[in-house]
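I opened the model and kept notes on what I looked up. The entries follow in the order I made them.

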Amino acid sequence: DKFYTYCDSHRLIQFLMALLDDYDTTRTSILNRKLPPSLDAALKDLISEETRRNTTTLRTVDMVLAASR
């Protein structure tokens, strides 16, 4: 059981370290938790961050397009 927990933790760290620097804040937040989350929980956090970023980007583009008319 401890071996599987170690393997899961190791895979999570490898995955997080391979992320683009754009996700540094989210990566740090996940790595600094007292107990490491499951890979599924970490993915949910990253997807949430990606969605937030895309929403912010779309709003900025909409505002630029509206201003240029």
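Which residues of helix 2 (residues 24-31) are buried? I found Thr-26, Arg-27 and Ile-30. They cover an arc of only 100 degrees around the axis, which puts them on the same side of helix 2. I note that the model is a predicted one.

Next I looked up the largest nonpolar core. I counted seven residues in that core: Leu-12, Leu-16, Leu-19, Tyr-23, Ile-30, Ala-42 and Leu-46. Two or more of these residues come from helix 1 (2-17), and two or more come from helix 3 (39-68).

I then listed the contacts of Ile-30, leaving out residues up to four places away in sequence. Ile-30 touches Leu-16, Ala-42 and Leu-46, and also Pro-37 and Asp-45.

I followed up on Asp-45. Asp-45 sits in helix 3. I read 8.3 Å between the C-alpha atoms of Asp-45 and Ile-30, which are 15 residues apart along the chain.

My last entry is on the surface. Phe-15, Leu-39, Leu-43 and Ile-47 form a nonpolar patch there, and together they have about 320 Å² of accessible area. Helix 3 gives the most to this patch, with three residues. I checked Leu-39, which is found in helix 3. Leu-39 is partly exposed, at a relative accessible area of 39%.

Definitions and conventions. Residues numbered from 1 in each chain as written. Predicted model: local features only at pLDDT ≥ 70, side-chain atom pairs only at ≥ 80, totals over all residues. Heavy atoms only, no water. Core = buried A, V, L, I, M, F, W, Y, C linked by side-chain atoms within 4.5 Å. Buried < 20%, exposed > 50% of the residue type's maximum accessible area, 1.4 Å probe, protein only. Helix = DSSP H or I, 4+ residues; strand = E, 2+ residues; numbered from the N terminus. Contact = heavy atoms within 4.5 Å. Arc of directions from axis to C-beta. Patch = residues over 30% accessible without salt bridge, like charges linked within 9 Å, V, L, I, M, F, W, Y side chains within 5 Å. Areas by Shrake-Rupley, 256 points an atom, 1.4 Å probe, with all protein chains shown as cover. Salt bridge = Lys/Arg side-chain N within 4 Å of Asp/Glu carboxyl O.
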